Amino acid sequence: MKMSITTTHRLSERVLADGIDSDRVNLLLLGHDALEAGVSPILIDVMTDEDAPEVARVRAFGRVSARLFAIADSRPANSRVLVSA
């Protein structure tokens, strides 16, 4: 599944409001898409590791999301889903 920019933005809002575990399914989907897009596997592992400190997971989430948004911004407007660049 390729998450859209809108879905990723909504996930960001949920993480901000309710914490990193507020939507585990979409967090894992984001991790999968990020891995396919070439984002650091270490960041993805920290982001999805339920045993890691929350502050580390949120920071990793921010870095993963930022990288995916940068990839999406470099693509034509009609194809802005989070996929490999």
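**Entry 1. Surface and overall make-up**

How much accessible surface does the protein chain have, and what share of it belongs to carbon and sulfur atoms? I worked from a predicted model. I found an accessible surface of about 5,000 Å² for the protein chain, with 55% of it belonging to carbon and sulfur atoms. I then looked up the burial of the chain: of its 85 residues, 34% are buried.

I counted the secondary structure elements next. The protein chain has 4 helices and 0 strands, and its pattern along the sequence reads α-α-α-α. I also checked how far apart in sequence the contacting residues lie. Among contacts with a separation of 6 or more, 53% join residues 24 or more positions apart.

**Entry 2. Helix α1**

I examined α1, which covers residues 5–18 and has 14 residues. From its first C-alpha to its last, α1 reaches 20 Å, close to the 20 Å expected at 1.5 Å a residue.

Which residues of α1 are buried? I noted T8, L11 and V15. Viewed down the helix axis, the buried residues of α1 fall within an arc of 55 degrees, so they line one face of the helix. I looked for what covers them and found that the cover includes α2 (24–37) and α4 (54–73). On the face of α1 turned away from the buried side, I recorded the exposed residues L16, A17 and D18.

I also inspected the position just after α1, where G19 takes a positive phi of about 100 degrees.

**Entry 3. N26 in α2**

I turned to N26, which is found in helix α2. Is N26 buried or exposed? Its relative accessible area is 16%, and the cut-off for burial is under 20%, so N26 counts as buried.

I listed the contacts of N26, leaving aside neighbours within four places in sequence: M3, T7, L11 and R14.

**Entry 4. V39 in the loop between α2 and α3**

Where does V39 lie? I placed V39 in the loop between α2 and α3 (41–48). With a relative accessibility of 4%, V39 counts as buried.

I asked which residues V39 touches, not counting those up to four places away in sequence. I found A34, I44, V64, R67 and L68. I also looked up the separation of V39 from S65: the two are 26 residues apart in sequence, and their C-alpha atoms are 9.6 Å apart in space.

Note on methods
Residues numbered from 1 in each chain as written. Predicted model: local features only at pLDDT ≥ 70, side-chain atom pairs only at ≥ 80, totals over all residues. Heavy atoms only, no water. Helix = DSSP H or I, 4+ residues; strand = E, 2+ residues; numbered from the N terminus. Buried < 20%, exposed > 50% of the residue type's maximum accessible area, 1.4 Å probe, protein only. Contact = heavy atoms within 4.5 Å. Areas by Shrake-Rupley, 256 points an atom, 1.4 Å probe, with all protein chains shown as cover. Expected span 1.5 Å × (residues − 1). Arc of directions from axis to C-beta.
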